[in-house]
Amino acid sequence: MRVGIVPAIGSGLRTLGGQVGRTKRHFGAYRDAGHELDYFSYLSDDLAAHWDGVNVRANIWRMSARRLAFLRPLIEAGAWRRCDVLRATSLLGAVPCLVARLAHGTPFVVSHGADYIRIAEIHGHGHQRRKWRWLRRLAFRFAAAVIVPNPVDAEHLRTRFAKARIEWIPNWVDVRMFASFFAPRSLFFTTTWPKRVLYVGRLVAEKNLERAALACHH
């Protein structure tokens, strides 16, 4: 099977930052299953054409990322038709997948890991709520499956979008990486140190760190 990976509008492999390692593991799982991978980058100067066994299709078109999201499945119709399925890494990556689905009949799967409507409100872009609602409605209507990492959100979305196929696939965390050697149950050490919480992620408003700090305080 040939799988086309579609990132969020305007992004590519070079913008992954700390997500490179996890992305390579995800790509490796596809290859181990015998699938071929195309990556439709929005960057004109993205990484090598074959990055870790992935066929990277860099952006060769002189147009904005938003316009490219709508037109690329049409102007590169052959490459998009060759894909048996498209994998949008986020709701914002579903735009070209929707075009490919309507134009070529190519099925797609999309991840929905964040409430973009709420994020727009946090950043003072409340006027964009309607846009996000329509995008979510269209993506859920035409997607072969929607992957959600949180079971509560998955159940909520199943209630709201009864006809959509909502699949709960949790993001895994290796808790052994965060286990302290000086654990309270140690036979050799006792400590009165206060408990500490480690956060690993971006310092942005949508992460709700203030709410996390308040919860830890109580």
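Predicted model: local features only at pLDDT ≥ 70, side-chain atom pairs only at ≥ 80, totals over all residues.
Residues are numbered from 1 along each chain as its sequence is written, and side-chain values use heavy atoms, with hydrogens and water left out.

Start with the big picture. The protein chain has eight helices and eight strands. Those names come from DSSP runs numbered from the N terminus, with helices being H or I runs of at least four residues and strands being E runs of at least two. The chain has 218 residues, and 33% of them count as buried. Here, buried means under 20% relative accessible area, exposed means over 50%, and partly exposed is in between, using a 1.4 Å probe and protein chains only. Now for contacts, meaning heavy atoms within 4.5 Å. Among the contacts in the protein chain with a separation of 6 or more, 55% link residues 24 or more positions apart.

Let's zoom in on helix α2, which spans residues 65-75. Which of its residues are buried? They are Leu68, Ala69, Arg72 and Pro73. These residues sit on the same side of α2, because they cover an arc of only 115° around the axis. That arc is taken from the directions from the helix axis to the C-beta atoms. On the face turned away from the buried side, you'll find the exposed residues Arg66 and Arg67. And what covers the buried residues of α2? The cover includes β2 (36-40), β4 (54-57), α3 (77-81) and α4 (94-104).

Next stop, helix α4. Its buried residues are Ala94, Val95, Pro96, Cys97, Leu98, Val99 and Ala100. They pack against β1, α2, α3, β5 (85-88), β6 (108-111) and α6. After α4 comes Gly105, which has a positive phi, near 80°.

A quick visit to helix α1 brings us to Thr23. Thr23 is buried, with a relative accessible area of 13%. Not counting residues up to four places away in sequence, Thr23 touches Leu16 and Trp51.

Now look at the charged pairs. A salt bridge here is a side-chain nitrogen of Lys or Arg within 4 Å of a carboxyl oxygen of Asp or Glu. How many salt bridges does this rule give? The count is six. One of them joins Asp45 to Arg14, with the closest N and O atoms 2.8 Å apart. Asp45 lies in the loop between β2 and β3 (50-51), and Arg14 in the loop between β1 (2-6) and α1 (20-32), so this pair ties together parts that are 31 residues apart in sequence. Asp45 is partly exposed at 49% relative accessibility, and Arg14 is partly exposed too, at 44%.

Arg72 forms a salt bridge with Glu76, where the closest N and O atoms are 3.0 Å apart, and both residues are buried. Another bridge links Glu167 and Arg165, with their closest N and O atoms 2.8 Å apart. In that pair, Glu167 is partly exposed at 30% relative accessible area, whereas Arg165 is exposed at 51%. There's also a network: Arg2, Glu36 and Asp38 are joined by salt bridges that share partners.

On a 1 Å grid over the protein atoms alone, a cavity is a set of points where a 1.4 Å probe fits but cannot get out, and lining residues have an atom within 4 Å of a point. Grid points are joined across faces, edges and corners, and the volume is the space filled by probe spheres set on the points. The count comes to one cavity of 30 Å³ or more, and the largest cavity holds about 40 Å³ of space. Its lining is made of Leu91, His112, Ala114, Asp115, Tyr116, Ile117, Trp132 and Arg136. Two elements, α5 (116-122) and α6 (129-142), each give two or more residues to this lining. By type, the lining has five nonpolar residues, one polar and two charged. For that sorting, Ala, Val, Leu, Ile, Met, Phe, Trp, Tyr, Cys and Pro count as nonpolar, Asp, Glu, Lys and Arg as charged, and the others, Gly among them, as polar.

How values were computed
1 Å grid on protein atoms, 1.4 Å probe; cavity = no way out; pocket = protein on both sides within 12 Å on 5 of 7 lines; lining within 4 Å.
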